[in-house]
Amino acid sequence: MLRRRWVRRGILTILTGIVVVALVLAGCVWWVDRGAWGHTYTADGVPPAPVALVLGAGLNPDGTPNGFLAARLDLAQRLYDHGKVKVLLVSGDNSRPDYDEPSAMRAYLVAHGIPASRVVLDYAGFDTYDSCARAIRIFGVRKLIVVTQSYHIDLAVKL
């Protein structure tokens, strides 16, 4: 009898924990979604801004942008070519001598026709928050377009 009571309490505790975790996760998703609402756009519908912040997404072993990052850079090029932005701020990881996202991003953009003078490098964009905060604090940007994938944009905008 005593053992059954402990088993029931254990099961109830586990189920309560699962419900609490689910509610916390749902709350986080709601908070991010609500904060980004009205501030996300399609590539064609985005209003002009002076700067596009391109967030790093990784490099291939040969040092070139991986597929995710290449897609972001292609979108940034499209925004530049259509006159939506004047400058591209590329932000990524350069924490090791053999890993330099910003320089690889610039090389990719220049190879695709963007003038090197229009690409600014942020070598300390280790995560989304750092990149956004540094755009404001270090580079003095007050209005920008964040370039990333759709699954990531709400979080980037909310930060």
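Me: Which residue in S3 is the bridge partner of Ser-91?
Reply: Asp-122 is the partner of Ser-91 in S3. Strands here are DSSP runs of E with at least two residues, and helices are H or I runs of at least four, numbered from the N terminus. This is a predicted model, where local features need pLDDT of at least 70, side-chain atom pairs count only at pLDDT 80 or more, and totals for chains, interfaces and linings use all residues. Residues are numbered from 1 along each chain as its sequence is written, and side-chain values use heavy atoms, with hydrogens and water left out.

Me: How many bridges join S2 to S3?
Reply: 4 bridges, and the two strands run parallel. S2 covers residues 87-91. Two strands pair if DSSP finds at least two bridges between them.

Me: What's the strand order in the sheet?
Reply: S3-S2-S1-S4, in an open sheet of 4 strands with parallel pairing. S3 (119-122) and S4 (144-147) are the edges; each has a single partner strand, so one side of each has no neighbour in the sheet. On average, neighbouring strands are turned by 25° against each other, direction ignored.

Me: Which strands does H3 lie across?
Reply: Helix H3 (residues 101-111) lies across S1 (51-55), S2 and S3. H3 runs at about 165° to S3. Axes are lines fitted to C-alpha atoms, for helices over the stretch in contact, and angles run from 0 to 180 degrees between N-to-C directions.

Me: And H4, which strands there?
Reply: S1, S2, S3 and S4. Helix H4 spans residues 128-137 and runs at about 155° to S1.

Me: Switching to Gln-77. Buried or exposed?
Reply: Gln-77 is buried, at a relative accessible area of 15%. Buried means under 20%, exposed over 50%, and partly exposed in between, using a 1.4 Å probe and protein chains only. Gln-77 belongs to helix H2 (residues 67-81).

Me: What does the Gln-77 side chain reach?
Reply: The backbone oxygen of His-112, at 2.7 Å.

Me: Which residues is Gln-77 in contact with, leaving aside neighbours within four places?
Reply: Leu-109, His-112 and Ile-114. Contact means heavy atoms within 4.5 Å.

Me: Zooming out, what pattern does the chain follow?
Reply: Along the sequence, α-β-α-β-α-β-α-β-α. That is 5 helices and 4 strands.

Me: What share of the protein is buried?
Reply: 35% of the 159 residues.

Me: And what share of contacts comes from residues 24 or more positions apart?
Reply: 70% of the contacts with a separation of 6 or more.

Key. A polar contact is a pair of N or O atoms within 3.5 Å; within protein, one must be able to donate a hydrogen and the other to accept it, and residues adjacent in sequence count only if both atoms are side-chain atoms.
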